[in-house]
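Thanks for coming, everyone. Please bring the structure up on your screens, and we'll walk through it together.

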Amino acid sequence: MSEASNYRTEVTPVWCPGCGNFALLNALTKIVLPNLGIPRHQALIVSGIGCSSRIPGYVDTYGFNSLHGRAVVIAQGAKLARPELTVVAIGGDGDFFSIGAGHLPHAVRRNVNITCIMVNNFVYALTKGQTSPTTPYRQRGEGPFLSLQFYPPVDPVLDMVSYSVSTGASFIAQGISTDPSHLASLIQEAVKHKGFSFVNVLTPCLTFDPPWLFKTIKEKVSYLKEGEPVGLPDSSPEQPWLHDPSNITLALKLAQTPVLEKPHIGILFRGKEL
Amino acid sequence: MRNRLTIGIAGAGGDGVVVLGSLLQRLAASQGYFSQMPRYYGPQIRGGASGIKLSLDTTRASVPADVADIMICFNWDKYAELQQELPLGTDSVVFYDSAAPTATITLPEKSFQVAFSETSKEVTGAASAKNIVALGLLERVLALPESLSKVAAVEDEASALLERNRLALNAGKRLLSKFPFPDLKLSPSRDASPKVVLHGNSAIVQAAIRVGCRAFFGYPITPASEIMEEMQERLGQGNGVFLQAEDEIAAVGMALGASLTGAKSMTATTGPGLDLMTEMIGLASGAEIPVVIVDVQRCGPATGIPSKSEQSDINHAIYGGHGDAPRVVIAPYDLEGCYRLLIESFSISEYYQTPVILLSDQRLGQTTVATNSSMLETDCAMVERKRPSGEYREQYHRYEMTDDYISPMASAGDEGTVYQMTGLAHNEKGRPSFDFANNQRMHEKRWQKLAPLRDRDELVKVFGKEEARRGIVSFGSSAQFVLETVEYLGLQDEVKVCIPELIHPLPRRLGSFVDSLERLLVVEMSYSAQLHHYLRSQIDLPSGTEVYARAGGMAFSRKELSGPITKLAR
């Protein structure tokens with residue numbers, strides 16, 4: 001048995017074939033944990049409720065599939081009590097931005113050294129297709145959102161990524177599940193970062209998202225590279241805006257770009273470490 | 001000479017009522033006197049009514065009398081707000097500050113207008129030391145030994161305050177010097193060893209520290225905030241983990257997270273906070289995670305009366321939440337119990353891997369008591385969490401079926417015992433399992449592991465003669481009033497009293513107590529009689545069972561309970 005496969009349990013995931021959660025699972029078990037050389041007993045993964053929250057059962061570290069929205073609080077308690085643990089909280093957009101949204105700003109300002117991974121599939125998938133706070137807002141009649149074609153989302157998207165930036169989160173990155181090795185590198189940086197880190201993972205829900213949604217995102221993806229021009233309208237070839245993860249003003253602009261217009265992939269912001 | 005005296009003090013917030021009561025309590029405690037001092041305050045943050053009742057006693061920390069022997073009043077308007085809790089009797093001796101009472105208050109014969117404020121102004125230049133002037137007067141009236149000099153040697157805040165106000169204190173001693181008050185002199189204390197002074201909330205903190213709790217997460221809420229504040233003092237300087245969370249859900253969630261790593265962890269709240277914690281209690285029960293939750297009960301429902309006691313969280317503590325989620329509920333009835341049973345709560349929680357709810361109440365939590373310091377030194381063995389070793393370690397299964405249904409619990413971070421847990425129905429390995437037979441077995445495991453608790457006879461206190469056929473069941477702070485009233489009525493031979501400290505699972509001893517009775521009275525501070533209904537659901541009660549149950553707010557009094565208890569004995 002190779003070292004890499006040591007991080008997987010024998011449990012078969014419940015996810016649909018082709019689900020973006022497999023990319024996250026592989027990134028964690030085949031790249032991040034082996035690369036960082038974290039012994040299995042030194043890591044704790046806490047999750048909420050939802051498709052992605054099933055992940056602790058599949059990773060052979062300490063794990064806890066807990067309550068809807070509460071992964072981040074349980075993770076903080078564990079980290080504070082046993083600081084030598086690498087603690088990762090995983091949940092969906094419903095977990096972090098809806099039912100547990102009240103916890104996120106406090107985790108940000110407290111800056112406990114944990115990593116939060118939000119698997120954002122833009123929909124409540126486990127409960128079969130209801131709108132989530134990140135479901136793209138479309139006017140009635142403008143186009144169906146699959147199962148929501150008769151009752152499209154009427155509330156604007158809650159953008160807690162830019163909110164987290166504005167409240168001074170220590171580390172914020174956005175990855176995409178269709179590029180697992182890049183996603184793994186982001187998670188690796190987030191785990192290494194000393195302080196609270198947040199990784200938003202753009203993921204398709206093959207069952208409940210309309211196909212155009214992720215197709216659009218994939219087509220418009222713009223990778224952020226330190227020192228290279230960013231894909232913002234204000235950045236021109238003559239006067240390029242170069243990406244600087246320590247620039248919080250730039251990070252806010254990047255975070256505020258609607259994901260269907262220009263999904264910026266990479267490290268949006270990296271602040272001072274603890 | 002009296003062995004027991006009750007002093008009432010009332011005024012506006014800022015009059016120094018609580019400071020005066022506390023100083024007197026501590027001065028008396030330094031001379032060996034026992035005491036209890038409940039506090040009465042309203043919803044105002046500042047400037048509302050403020051009152052205390054202080055029972056000084058030579059032999060034990062007794063409940064203050066219904067009617068104060070001595071009343072100090074700084075403000076009659078504010079007194080009127082507290083009149084229900086601080087009634088005056090015809091024999092009460094009243095000392096009141098310059099303003100005369102309103103027409104609605106009838107002064108007893110022995111009432112003296114004393115210029116506390118004026119005297120304070122004369123000797124210190126400000127009226128703010130009027131409470132210290134009153135302290136001087138009380139010291140003389142009670143004929144407390146020259147305690148001040150002795151206490152002043154102790155370097156603490158209270159004696160420093162007294163030192164600064166020595167002029168005011170001495171001026172107070174000279175007031176009304178032509179009146180002798182021989183009836184109000186206190187007998188010398190039986191045992192002059194100094195007593196410790198603390199309230200139930202503080203006793204809980206001291207017990208938590210003693211037992212090794214080093215992780216506390218809380219959220220401010222009356223009347224439990226003192227627990228959080230004192231834990232912050234104790235743990236805040238690198239001695240452990242303290243965090244004021246964003247809400248009670250986070251507080252108990254963090255406590256669970258800390259517990260997963262092996263830390264003894266705890267949170268404290270009152271009714272509304274317990275509501276928010278309910279989902280996590282179910283998780284802790286289902287995933288078998290130790291955690292101690294203190295509920296300092298106050299009047300409900302909703303916001304209710306935050307600063308007043310009630311006993312109406314029994315249902316929630318025992319049954320709160322969806323599904324069949326066993327947990328343990330423990331309720332102290334006195335200060336010593338707050339200390340001892342917090343340690344017991346940790347023992348049970350850690351050993352049985354279950355959430356334990358310690359049901360205190362506002363009366364217990366915020367009443368300062370002077371009592372023997374030995375209370376804090378008693379031998380209290382802590383039973384620890386079972387850890388995997390030997391055969392359990394080799395192939396570790398988190399929820400392995402054992403003879404006693406308790407599976408050794410590894411801590412996150414321990415080498416060789418990695419496991420994953422879930423709030424989903426799970427098998428012995430902790431894997432999600434929707435196998436129905438397994439689901440049945442896991443329920444059995446979680447419920448049956450707690451069964452031995454039903455034989456914990458020592459967690460049921462019984463007072464009185466075994467052969468008595470009339471009995472009372474009461475719990476929490478109300479039980480103190482029951483005991484006092486039985487004694488006051490001289491019915492100790494006819495009426496026995498049973499106070500369960502372990503509420504759930506209900507100890508068998510409750511059943512045998514009730515079986516020995518012809519007539520039973522249940523006394524509780526819950527409008528819907530939650531204790532009575534709970535007892536009925538668990539054991540057969542005598543056909544002649546009576547219930548004395550009412551909503552909270554005002555503490556029980558001897559006068560109030562005399563009716564139902566006399567009727568029981570008749």
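**Domains, core and a sheet**

Let's start with a distance in chain B. The centres of domain 1 of chain B and domain 4 of chain B, taken over C-alpha atoms, are 34 Å apart. Keep in mind that this is a predicted model.

Where do those domains sit in the sequence? The assignment for chain B puts domain 1 at 4-194 and domain 4 at 458-569. Between them come domain 2, at 198-376, and domain 3, at 386-455.

Domains 1 and 4 of chain B do touch. Domain 1 of chain B contributes 6 residues to the contact, and domain 4 of chain B contributes 8.

Now the core. The largest nonpolar core holds 255 residues. Two residues have the most contacts inside it: A:Ala78 and A:Ile187. Take A:Ile187. Beyond its neighbours within four places in sequence, A:Ile187 contacts A:Ala27, A:Leu28, A:Val32, A:Ile117 and A:Val199.

Over to chain B, and to one residue there. B:Ile249 belongs to helix H10 of chain B, residues 248-260. Is B:Ile249 buried or exposed? B:Ile249 is buried, because 24 other C-beta atoms lie within 10 Å, and 20 or more is the mark for buried. What does B:Ile249 touch, setting aside residues up to four places away in sequence? In chain B, the contacts are B:Leu276, B:Met277 and B:Met280. From chain A, there is A:Arg70. One more distance here. B:Gly218 is 31 residues from B:Ile249 in sequence, and their C-alpha atoms are 9.6 Å apart.

Last stop: a sheet in chain B. This open sheet has 5 strands, in the order S17-S19-S18-S21-S22, with mixed pairing. Which strands stand at the edges? They are S17 (460-463) and S22 (546-549) of chain B. Each has a single partner strand, so one side of each has no neighbour in the sheet. From one strand to the next, the twist averages 20°.

Look inside the sheet. Strands S18 (470-474) and S19 (495-500) of chain B run parallel, paired over 4 bridges. One bridge to find: B:Ile472 partners B:Val497 in S19 of chain B.

Finally, a helix packs on this sheet: H20 of chain B, residues 558-569. Helix H20 of chain B touches S18, S19, S21 (519-524) and S22 of chain B. Its direction makes about 165° with that of S21 of chain B.

That's the tour. Over to you.

Notes. Residues are numbered from 1 along each chain as its sequence is written. Chains are lettered from A and ligands numbered from 1 in the order in which they are written. This is a predicted model: local features need pLDDT of at least 70, side-chain atom pairs count only at pLDDT 80 or more; totals for chains, interfaces and linings use all residues. Domain bounds come from an automatic or database domain assignment. Two residues are in contact if their C-beta atoms, placed from the backbone, lie within 7 Å. A nonpolar core is a set of buried Ala, Val, Leu, Ile, Met, Phe, Trp, Tyr and Cys residues joined through C-beta atoms within 7 Å. A residue is buried if 20 or more other C-beta atoms lie within 10 Å of its own, exposed if 12 or fewer, and partly exposed in between; C-beta atoms are placed from the backbone. Helices (H or I, at least four residues) and strands (E, at least two) are DSSP runs, numbered from the N terminus. Two strands pair if DSSP finds at least two bridges between them. Axes are lines fitted to C-alpha atoms, for helices over the stretch in contact, and angles run from 0 to 180 degrees between N-to-C directions.
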